[in-house]
Amino acid sequence: MNIILYSRTGCSNCVLVKKLLTEKSFSFTEFLIDIDIDRDTLITKYPNTKSLPLIVIDGEPLLDYKSLVDYL
């Protein structure tokens, strides 16, 4: 399973997602907005993104924490 997490420093929901993935022993690649990727590039790549974190599993975006919990 390939998991990519797009997050922002100081984002409480991003922290929750990272904690959940770590507790479940899933490895993931994290990209920080405005450090590793800019916001416009992210929106171009995933136009339905409205908030962070954005979790992408095997190329499919999950747009919120609840979607991740349901998926796992």
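Modeller: Take D70 and K66 to begin with: they are four residues apart in helix α3 (residues 65-71), so about one helical turn separates them. Helices (H or I, at least four residues) and strands (E, at least two) are DSSP runs, numbered from the N terminus. This is a predicted model, in which local features need pLDDT of at least 70 and side-chain atom pairs count only at pLDDT 80 or more, while totals for chains, interfaces and linings use all residues. Residues are numbered from 1 along each chain as its sequence is written, and side-chain values use heavy atoms, with hydrogens and water left out.

Colleague: Why is D70 called exposed?

Modeller: Exposed means over 50% relative accessible area, buried under 20%, and partly exposed in between (1.4 Å probe, protein chains only). D70 has 54% and therefore counts as exposed. K66, at 54% relative accessibility, is exposed as well.

Colleague: How many salt bridges does a search of the whole structure find?

Modeller: The search finds four. One of them joins E30 to K18, with the closest N and O atoms 3.1 Å apart. E30 lies in strand β2 and K18 in helix α1, so this pair ties together parts twelve residues apart in sequence. E30 is partly exposed at 27%, and K18 is partly exposed at 24%. Another salt bridge is formed by the side chains of K19 and E23, at 3.9 Å from N to O. Both of these residues lie in helix α1, four residues apart, about one turn of the helix, and both are exposed.

Colleague: How do you know that C11 and C14 form a disulfide?

Modeller: A disulfide is a pair of cysteine sulfur atoms within 2.5 Å. C11 and C14 have an S to S distance of 2.5 Å, so the pair meets the cut-off. The angle about the S-S bond is 75°, and the link is right-handed. Both C11 and C14 are buried. A search of the whole structure finds one disulfide.

Colleague: Why is strand β1 described as largely enclosed?

Modeller: Strand β1 covers residues 3-7, and five of the five are buried, so the rest of the structure largely encloses this strand. I3, L5 and S7 point one way from β1, I4 and Y6 the other way. In a regular strand the side chains alternate between the two faces of the sheet.

Colleague: What makes β1 and β3 a pair?

Modeller: Two strands pair if DSSP finds at least two bridges between them. Four bridges join β1 to β3 (residues 54-57), and these strands run antiparallel. L5 stands opposite I55 in β3. Four bridges also join β1 to β2 (residues 29-32), here with the strands parallel.

Colleague: Which strands are the edge strands?

Modeller: The sheet is open, with four strands in the order β2-β1-β3-β4 and mixed pairing. The edge strands are β2 and β4 (60-62), each of which pairs on one side only. Three bridges join β3 to β4, which run antiparallel, and V56 stands opposite P61 in β4.
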